[in-house]
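User: Could you walk me through this structure? I would like to start with strand pairing and then look at one residue.

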Amino acid sequence: MEDFRVGSVVLGEVTGIESYGIFVKLNNGYSGLVHISEITEKFVKDVNNYAKIGEEIYVEIKNIDSENKKCILSVKGLNYRIDDNKLVKESVRGFTPLKQHLPLWIEDKYKEIHKQEE
């Protein structure tokens with residue numbers, strides 16, 4: 001199962017496209033919106049140039065509403081599209097996702113160590 005929390009990059013399927021963004025279906029019954037402002041730093045004239053209905057794309061989870069199973073999503077800074085060989089191209093973000101998760105991993109390890117000491 002994919003890591004499903006804020007900051008995670010997960011695979012989803014494009015289910016709709018509107019002038020204001022891209023609707024994406026995620027695992028576990030969740031869905032979300034990539035608002036036009038979260039597609040790229042550049043001006044977006046036509047959202048249809050960035051995704052197609054039925055296409056699988058990678059999205060970053062920015063916010064999760066567990067009660068309604070809705071997410072705020074982003075593809076800004078991600079190489080979110082899958083090429084014809086179904087491989088993900090190298091991310092332009094480099095090691096940023098690892099750096100973002102490092103404090104959480106360190107905290108988890110500290111908790112694990114302290115439990116063992118008790």
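Analyst: Happy to! This is a predicted model, where local features need pLDDT of at least 70, side-chain atom pairs count only at pLDDT 80 or more, and totals for chains, interfaces and linings use all residues. Residues are numbered from 1 along each chain as its sequence is written, and side-chain values use heavy atoms, with hydrogens and water left out.

User: In which sense do β1 and β2 pair, and over how many bridges?

Analyst: Strands are DSSP runs of E, at least two residues long, numbered from the N terminus, and two of them pair if DSSP finds at least two bridges between them. Here β1 covers residues 9–18 and β2 covers residues 21–25. A hairpin of two residues links β1 to β2, and Glu18 faces Gly21 in β2. The pairing is antiparallel, over five bridges.

User: Which residue in β3 is the bridge partner of Phe23?

Analyst: β2 also pairs with β3 (residues 31–35), antiparallel over five bridges. Their hairpin has five residues between the strands, and Asn28 there takes a positive phi near 65°. In β3, the partner of Phe23 is Leu33.

User: Is Ser74 buried or exposed?

Analyst: Ser74 lies in strand β5, residues 70–74. Buried means under 20% relative accessible area, exposed over 50%, and partly exposed in between, using a 1.4 Å probe and protein chains only. Because its relative accessibility is 1%, Ser74 counts as buried.

User: Which residues does Ser74 contact, leaving aside neighbours within four places in sequence?

Analyst: Contact means heavy atoms within 4.5 Å. By that criterion, the partners of Ser74 beyond those neighbours are Val34, Glu38, Val59, Glu60 and Lys62.

Technical notes:
Helices (H or I, at least four residues) and strands (E, at least two) are DSSP runs, numbered from the N terminus.
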